[in-house]
Structure formats: C-alpha cells, structure tokens
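Some labels in a structure deserve a second look. Here each label is set against its cut-off.

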Amino acid sequence: IAPAKGFADLVEKVMPAVISVEVETRGPLPAKLREKFRRFPGLDKLPPEFREFFERFGPQFRPMPRHPFRNGRAVGSGFFISPDGYIVTNHHVIRHAEKVRIKTHDGKTYDAEVIGSDPKTDLALLRVKGAKGRSFPHVAFADKEPRVGEWVVAVGNPFGFGGSVTTGIVSAKGRQIGIGPYDDLLQIDAPINKGNSGGPAFNLDGKVIGVNTAIFSPTGGSVGIGFAIPASVAKEIVAQLKEKGRVTRGWLGVSIQPVDKDMAESLGLEKPRGAIVNKVGKGSPAEKGGLRTGDTILAVNGDAVKDPRDLARKIARVAPGSEVALDILRDGQRQTRRLNVGRMPADDRIARSFAPPHGEGKAAVSLSGLGLDLAPAEDGEGVRVATVRPGSLAEDKRLRPGDVILEVAGIEVETPEAVRAALDKAAREGRKSVLFLIRSGQSQRFVALPIDAGKHKG
C-alpha cells in the first residue's frame with residue numbers, strides 16, 4: 001500500500017545517498033582515421049547539427065578533432081553503500097573512463113576511482129578519492145526479493161537533471177534482454193531515462209531492490225518499461241569487486257542448448273528442463289570431468305536446472321577450483337558426475353574462441369534477417385553498417401549506413417564475422433535477443449535485436 005502521505009518521507013531519507021556520475025574519456029585516434037580527416041580540414045569547426053548531418057549521411061566526411069585525440073563524456077547515476085565512500089553504478093557508465101567525478105545531493109563534487117567493474121552484469125564499484133576521515137550518507141541492499149506489484153521508487157540523474165524521483169511498481173521478474181549472459185532482471189514501470197543508469201530502485205523501507213541499468217524504448221525516452229539488476233546479484237558482485245577488484249566465475253567449458261518438448265519426450269523427461277551438451281571444449285573442466293556431447297545436465301549440487309541460462313548462472317556462482325556434483329542423463333540412464341569447476345576465461349579469449357581462424361572474416365557479411373550488410377570499420381574499431389534494407393528490422397530500429405557496431409551481447413567486435421560469432425554464441429546460451437552497442441556519429445546507444453533474425457545469412 002502506498003504511503004498515505006506520499007513518498008516524501010522516504011525520498012528525504014534516501015536522497016542524500018544518491019549521486020550523479022560524470023565520466024571523461026580520452027584516447028588517441030587510429031592512424032588511418034587521423035590521415036583520412038587531415039584531407040578535410042575545418043570540419044571540426046562546423047556547428048553540431050551540420051556535423052551530425054555529415055556523420056549520418058556522408059560517412060566520407062566524418063569530422064576530425066583539431067588534435068589527434070578522441071574525447072568523450074558520459075553521465076549516469078550511482079549511490080553510496082558505505083560511509084567510507086564506496087559507490088555502486090553501472091559498468092557501461094564508467095567504461096573506458098579516464099576521469100570520474102561524482103556530485104552529491106548537497107552540490108559537492110569529488111573525484112572518484114574505479115575499484116572494479118563487471119561487464120557481464122553491468123555493475124561497477126567506485127570510491128571517493130581521499131575519503132579517509134569523511135562520512136557519507138549511504139543506503140543498504142534489500143535482503144528480501146521484491147514481489148511483482150510492490151511499489152518502487154527510482155532516484156537518479158536523468159538527462160543530467162540530478163536528484164530526480166519517479167515511482168511505479170515492480171512489473172515482472174526474471175527478464176532476459178540480452179544485456180549479458182546472466183540476465184535475471186527486474187522490470188519496473190517507474191519512469192527512467194538516459195542518465196538514470198547506475199541509480200537505485202528503492203522499496204518502501206528505503207532499501208535498494210535493484211540497480212537501474214536499461215530501458216526498452218522505441219523512441220529513446222521512457223515508455224514505462226525499465227530494467228534493474230536485482231539486489232541479490234548486485235550484493236554478490238559488489239562484494240567481489242570490493243575484495244579483489246574483479247569478478248571470478250566458475251566455468252565448465254561446454255556449449256549447451258535448451259531441451260524442447262520433442263527432446264524431452266525422446267529423453268523420457270516429464271517436461272522440458274535441463275540443458276543438453278552439444279560440445280565439450282578440448283582440455284576443459286568438463287572434458288576432464290568426463291562430460292560428453294549428448295549429456296543432459298539436470299541439476300547442480302542437487303539444485304534442479306531449468307534451462308541453459310539457469311545452468312550458466314549456477315556454475316558461474318561456484319568458486320573456481322571447487323567440486324560440483326552434476327546430475328546428468330546419459331543414454332537414458334541417470335547418473336551423477338563430480339568434477340572441479342574451472343575459472344571462466346576473459347571475454348576476449350571467449351570471443352576469439354568463436355572467431356574464424358587465420359584472419360578470415362574480413363570480407364563483408366550479410367545478416368539478411370535483420371536487413372543489414374556489414375563491413376570492417378575503416379578505423380579498425382567496431383564493424384561498420386554498410387547497407388540497411390528498406391522495410392527491414394534494422395531500419396525499424398533506426399540503424400543507418402555508417403553506424404558502427406561496437407559490441408554484441410557484451411562482446412567487443414572488430415570484424416563482421418565476429419558479429420555473427422557473437423550471435424551464434426548467444427544462441428547457444430539460449431538467448432532470444434541481444435543488445436548491440438551502436439555508435440552513431442558522436443553518440444552511442446544500445447539496440448535490442450532478435451538472435452534468430454540475426455543468424456540468417458544472405
């Protein structure tokens with residue numbers, strides 16, 4: 001039940017702990033890009049609206065900074081979780097940060113350092129520099145999982161308007177939107193917009209039930225569908241970042257797929273559940289533990305596995321080096337296999353494992369289901385959208401020729417084939433859609449695209 005007098009008392013209690021995050025990035029431009037724009041002097045002096053025109057409709061006239069450096073700025077939100085200056089925000093807010101500054105509710109500004117971040121859950125931990133001797137107002141994560149229909153209060157820095165408050169309810173739980181391999185997000189209808197990223201979503205007790213991370217929006221603004229990382233996930237990740245500065249996860253080294261209705265019948269299962277192993281990595285913990293292609297994993301340490309994503313989450317939470325008991329179905333017989341879980345490789349190693357060998361994949365690639373033709377980016381960063389077919393899904397999502405795909409499902413891509421490989425990897429993980437990080441001119445945005453459409457070849 002909503003407070004009889006509204007939410008003012010709650011907001012007054014939690015607002016001092018919520019901060020605005022400002023990030024500066026600066027890095028050298030690739031040599032090819034510097035050389036290209038030396039041929040077009042003066043474009044950096046054009047008004048922004050004309051620069052945007054050239055970026056969108058004339059890729060050959062992209063502007064060049066007067067100096068060979070790329071500067072960027074990002075804004076987001078965050079919140080103190082301890083009096084000694086530790087702050088939670090999103091990974092995508094501080095990604096490639098050169099300098100981080102935070103602004104508190106009372107208008108004071110502080111420099112902050114990045115303690116660690118985790119792209120797979122889009123979480124990051126900051127700390128105020130020189131925080132010793134200071135005490136900051138802070139909030140705590142909720143211990144109980146929220147229920148669908150409960151009130152939620154979002155506080156943050158939308159479009160740079162710090163200290164903004166919106167209210168709504170928890171609309172759904174367990175949402176998967178392709179932001180990472182362990183999606184298990186809360187859906188809320190409290191309006192959140194660009195700049196709310198990293199801010200807290202509170203329950204009526206003033207406890208953080210989620211960290212705002214994304215919105216679904218055909219228009220770019222709030223349409224009442226926002227997503228937050230649950231407190232249970234955030235607490236676990238933040239604890240590792242605070243202790244080690246990074247997150248370590250368990251890893252089996254298998255490729256898996258879901259069990260559909262027909263498969264369940266053929267396996268003798270009463271309903272679709274578990275995950276079928278369709279490939280075992282050479283030298284992986286799974287191979288060493290005796291897993292085979294065709295095994296169906298039904299439980300981890302006695303905890304039933306719903307689907308491939310559930311298995312991935314369960315294994316990821318196991319400390320590397322620990323032993324786990326896997327209940328599997330093999331050749332119609334149930335058995336238990338014990339094996340030692342390994343440490344998950346870094347993202348770049350995972351991406352390379354799905355990339356074509358010997359430098360293949362440099363040619364243009366067609367994703368006809370999306371209506372896209374891709375080509376290598378001229379500056380070597382990301383993958384360029386060569387063409388967008390009229391009436392296609394890509395056109396509906398406002399993609400344009402000259403846009404650059406920087407990431408697919410959280411994996412940085414540098415070749416057209418790497419885009420397809422990332423889509424294939426996400427499909428094997430059981431995802432229905434993935435987030436593309438798109439650079440359009442000077443701005444970046446996420447676009448959700450369905451995997452099935454993206455896998456089609458032209």
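This is a predicted model: local features need pLDDT of at least 70, side-chain atom pairs count only at pLDDT 80 or more; totals for chains, interfaces and linings use all residues.

Residues are numbered from 1 along each chain as its sequence is written, and side-chain values use heavy atoms, with hydrogens and water left out.

Q: What makes up the protein in helices and strands?
A: The protein has 12 helices and 27 strands. Both are DSSP runs numbered from the N terminus: helices are H or I with at least four residues, strands are E with at least two.

Q: Why is D122 called buried?
A: Buried means under 20% relative accessible area, exposed means over 50%, and partly exposed lies in between (1.4 Å probe, protein chains only). D122 has a relative accessible area of 4%, so D122 is buried. Across the protein, buried residues make up 47% of the 458 residues.

Q: How do you know that D122 has no salt bridge?
A: A salt bridge needs a side-chain nitrogen of Lys or Arg within 4 Å of a carboxyl oxygen of Asp or Glu. For D122, the nearest side chain of opposite charge is R95, 8.6 Å away. Lys and Arg count as positive, Asp and Glu as negative; His and the chain ends are not counted.

Q: What does the side chain of D122 make a polar contact with?
A: The partner is the side chain of T213, at 2.6 Å. A polar contact is a pair of N or O atoms within 3.5 Å; within protein, one must be able to donate a hydrogen and the other to accept it, and residues adjacent in sequence count only if both atoms are side-chain atoms.

Q: Where is D122, and what is its phi?
A: D122 sits in the loop between strand 5 (109–118) and strand 6 (123–128). Its phi is positive, about 60°, although D122 is not a glycine.

Q: What makes E22 and R73 a salt bridge?
A: Their closest N and O atoms are 3.7 Å apart, and the limit is 4 Å. The pair links distant parts of the chain: E22 is in strand 1 (residues 18–28), R73 in strand 2 (residues 69–80), 51 residues apart. R73 counts as exposed at 61% relative accessibility. E22, at 34%, counts as partly exposed.

Q: Why does the pair of K235 and D143 tie together parts that are 92 residues apart in sequence?
A: The side chains of K235 and D143 meet in a salt bridge, 3.4 Å from N to O. K235 lies in helix 5 (residues 231–244) and D143 in the loop between strand 6 and strand 7, so the pair joins those parts. The structure holds 15 salt bridges.

Q: How do you know that helix 8 is mostly covered?
A: Eight of the nine residues in helix 8 (residues 308–316) are buried. Among them are P308, L311 and I315. What covers them includes strand 14 (254–258) and strand 18 (323–330). D307 caps the N-terminal end, with a side-chain oxygen 3.2 Å from the backbone nitrogen of R309.

Q: What lines the largest cavity?
A: The lining residues include K120, Y182, L185 and V233. On a 1 Å grid over the protein atoms alone, a cavity is a set of points where a 1.4 Å probe fits but cannot get out; lining residues have an atom within 4 Å of a point. About 70 Å³ of space lies in this cavity. That volume is the space filled by probe spheres set on the points, which are joined across faces, edges and corners.

Conventions:
On a 1 Å grid over the protein atoms alone, a cavity is a set of points where a 1.4 Å probe fits but cannot get out, and a pocket is an open set with protein on both sides within 12 Å along at least five of seven lines; lining residues have an atom within 4 Å of a point. Contact means heavy atoms within 4.5 Å.
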